[in-house]
Amino acid sequence: MKIGAHYLGNGECEFTVWSPTLNSVAVEILTPESQLIPLKPQVEGYWQVKVNDVYPGTLYRYQLNEQEAFADPASQFQPQGVHGASVVVDHHFEWTDTTWTGIPLESMIFYELHVGTFTPEGTFAAIIPRLPELRELGINAIEIMPIAQFPGDDHIQPDLAYRNWGYDGVYLYAVQNSYGSPADFKQFVNACHANGIAVVLDVVYNHFGPEGNYMGQFAPYFTKTYKTPWGNAMNFDDAYSQGVRNYFIQNALYWLGDFHIDALRLDAIQAIYDLGAKHFLGELAEVVHNFCQGGTWKRYLIAESDLNNPQVVRPPELGGYGIDAQWSDDFHHALHTLLTGDRQGYYQDFGKCADLAKAYQDTFVYDWRYAPHRKRFHGISCRDRPLSQFSVCIQNHDQIGNQMKGERLSERISFAGLKLAAGAVLLSPYLPLLFMGEEYGETAPFIYFVSHSDPELIQAVRAGRKQEFEAFHYAEDPPDPESAETFLRCKLNWELRHQGQHKVLWDWYRQLIHLRQTHPALLNFDRDSIAATSDEDKKVVVVRRWCESGEVVFAMNFNSSSVAVSLPIQQSARKLLDSADTVWSGEGSQAADKLAVGDEVVLAAMSLVLYSNPK
């Protein structure tokens with residue numbers, strides 16, 4: 001059942017809402033001659049009515065049981081914010097991407113961005129002029145942080161009224177009004193496709209935000225059976241759960257169909273609880289894959305998960321959910337600890353070169369091993385799944401925002417370390433994700449920020465943020481998440497990418513991406529075509545990747561001094577890349593341009609060297 005307000009043309013609109021436990025539902029058309037029109041009950045708790053003389057731009061609400069009225073749970077636009085009325089949208093749009101055939105999942109280079117801080121304007125339209133430069137870098141998939149309508153304080157200037165990472169969304173079909181209209185978002189997607197860039201949308205199916213959340217007034221969207229960090233879990237397996245499942249499944253099809261989205265990134269699926277015979281994620285994958293049949297390009301589902309469970313990405317015939325790919329946090333944690341020395345919180349489970357070597361070869365470091373931080377065994381082997389089903393990074397919104405002051409790696413490690421980190425990710429056999437600004441060493445932080453109108457909620461958010469960092473014993477409090485200044489500090493300094501070492505780093509990323517997209521050995525995702533070793537004393541990790549036509553070997557030195565190591569080359573090899581070269585603003589390479597079998601290579605401190613040979 002399609003839900004929401006669907007404009008049929010010629011002033012006719014069909015309203016459909018799911019409210020299985022209510023006695024009556026009426027749509028209130030908010031025109032100068034306000035109308036109240038009863039909806040008729042349908043099967044399985046749906047209500048529906050067709051109304052004439054209703055045109056795009058018309059405001060409406062639903063009156064429940066002849067009492068209070070609320071915005072549509074499936075509202076497609078909320079011009080007055082989360083507490084205002086919904087608006088009827090005409091989805092007609094002149095698409096020009098008829099020749100678009102998509103980007104294969106295994107070829108994607110993800111670039112995660114937050115619309116509000118990516119540009120000074122903080123809009124969809126403002127991103128479009130920057131697409132050619134992202135394409136020049138080698139980016140072919142932009143991952144947009146959630147754009148579902150979230151709360152904001154309308155009493156301050158418009159460009160600061162709505163400040164949120166996006167995970168507090170409450171109208172999952174409504175494009176965030178401060179970012180632009182539904183047509184603006186379509187224009188953005190259209191422009192991305194024109195530039196050869198896929199669009200991945202981050203969607204949140206595990207909770208609704210706290211402010212403007214009127215979902216419980218309409219239907220049993222929540223269950224008390226399970227608890228999440230945000231309260232009662234979404235109702236995916238309790239009484240009336242079929243309507244909840246349909247709400248989210250229709251949402252996925254809405255973005256893929258009406259907005260031509262290429263893939264959905266599913267937020268924190270470990271908080272999606274379902275003990276039914278057909279897990280919600282399995283049903284979602286089945287519906288999306290059916291949607292792709294006969295289409296001109298394939299769409300994908302990518303799950304964020306900390307479960308280390310390959311069941312998420314196994315096909316249904318092997319008992320899996322059939323999700324196309326999932327994040328692998330172990331790679332980030334193993335690399336981050338070697339670069340920064342962090343050992344607090346979940347980082348205490350990592351810190352050895354052997355962890356990173358295992359992450360390259362086995363994906364999950366914790367594959368039913370005891371995890372001290374969790375105080376239990378965690379994960380299971382995923383060696384039966386292709387390497388291209390896993391996405392990795394060294395920075396993303398969470399890992400930066402989890403720092404008290406939202407410091408990026410550029411503020412925490414050396415320039416040499418940034419180059420080493422980039423090479424570790426982009427030469428990996430996994431799907432790489434960059435966080436906006438990472439490619440040139442952006443110095444602006446990415447701090448947790450919100451804008452609520454409820455004073456009690458504001459204080460609760462401030463207290464929660466402070467409590468989150470109490471165990472770290474910092475001398476000062478974290479930045480105020482409610483402050484407009486906190487938000488403004490997170491705006492990118494786009495001009496940096498053309499200056500000094502920032503430009504060098506941008507060129508370094510570009511070269512790594514080019515090698516990744518052209519070298520045969522780096523295009524091979526066969527799990528049996530990679531081997532990784534480590535030396536804890538020297539703090540070195542060596543990775544060898546190969547294919548029928550050749551091989552590459554890259555060595556990473558996490559030591560603060562140079563070391564000599566022997567590389568596992570099968571025949572003489574030539575150097576393709578060395579982060580210590582002066583051309584990359586290094587202190588000067590100590591590695592030979594050519595190596596014979598058995599030769600040692602000298603690695604400069606905090607550097608990466610890549611050798612290649614044809615077989």
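Predicted model: local features only at pLDDT ≥ 70, side-chain atom pairs only at ≥ 80, totals over all residues.
Biologist: Which residue forms a salt bridge with arginine 265?
Modeller: Arginine 265 has a relative accessible area of 0%, so it is buried. In its salt bridge the closest N and O atoms are 4.0 Å apart, and the pair links distant parts of the chain, with arginine 265 in strand β17 and its partner in strand β11 (residues 141-144), 122 residues apart. The partner of arginine 265 is glutamate 143.

Biologist: Which residues are linked with Glu143 and Arg265 in a network of salt bridges?
Modeller: In general terms, side chains of opposite charge can pair when their charged atoms come close. Here Glu143 and Arg265 belong to a network of salt bridges, and the other residues linked in it are Asp202, Asp267 and Glu304.

Biologist: How many residues apart in sequence are the parts tied together by arginine 497 and glutamate 439?
Modeller: Arginine 497 and glutamate 439 form a salt bridge in which the closest N and O atoms are 3.2 Å apart. Arginine 497 lies in the loop between α14 (484-489) and α15 (500-518), whereas glutamate 439 lies in the loop between β23 (431-435) and α13 (455-468), so the parts that the pair ties together are apart in sequence by 58 residues.

Biologist: Are arginine 462 and aspartate 480 buried, exposed or partly exposed?
Modeller: The side chains of arginine 462 and aspartate 480 meet in a salt bridge, at 2.8 Å from N to O. Arginine 462 lies in helix α13 and aspartate 480 in the loop between α13 and α14, so the pair ties together parts that are 18 residues apart in sequence. With relative accessibilities of 30% for arginine 462 and 27% for aspartate 480, both residues count as partly exposed.

Biologist: How many salt bridges does a search of the whole structure find?
Modeller: The pairs described above, including arginine 462 with aspartate 480, are salt bridges. When the search covers the whole structure, the number of salt bridges found is 26.

Biologist: Which are the edge strands of the open sheet of six strands?
Modeller: The open sheet has antiparallel pairing and runs in the order β24-β25-β26-β31-β28-β29. An edge strand here pairs on one side only, and the strands that do so are β24 (530-535) and β29 (594-595).

Biologist: Which residue in β31 is the bridge partner of glutamate 551?
Modeller: On the side of β25, which forms a hairpin with β26 with two residues between them, valine 541 stands opposite methionine 556 in β26. On the side of β31, the bridge partner of glutamate 551 is asparagine 613.

Biologist: How many disulfides does the count come to?
Modeller: A disulfide needs two cysteine sulfur atoms within 2.5 Å. The sulfur of cysteine 393 is 16 Å from the closest cysteine sulfur, in cysteine 382, which is too far for a bond. Cysteine 393 is buried, with a relative accessible area of 6%, and the count of disulfides comes to zero.

Biologist: Which residues make the nonpolar surface patch of about 370 Å²?
Modeller: One contributor is found in the loop between α10 (353-362) and β20 (369-371), namely tryptophan 368. Tryptophan 368 counts as exposed because its relative accessibility is 57%. The patch is made by Trp368, Tyr370 and Phe377.

Methods. Residues numbered from 1 in each chain as written. Heavy atoms only, no water. Buried < 20%, exposed > 50% of the residue type's maximum accessible area, 1.4 Å probe, protein only. Patch = residues over 30% accessible without salt bridge, like charges linked within 9 Å, V, L, I, M, F, W, Y side chains within 5 Å. Areas by Shrake-Rupley, 256 points an atom, 1.4 Å probe, with all protein chains shown as cover. Helix = DSSP H or I, 4+ residues; strand = E, 2+ residues; numbered from the N terminus. Pairing = 2+ DSSP bridges.
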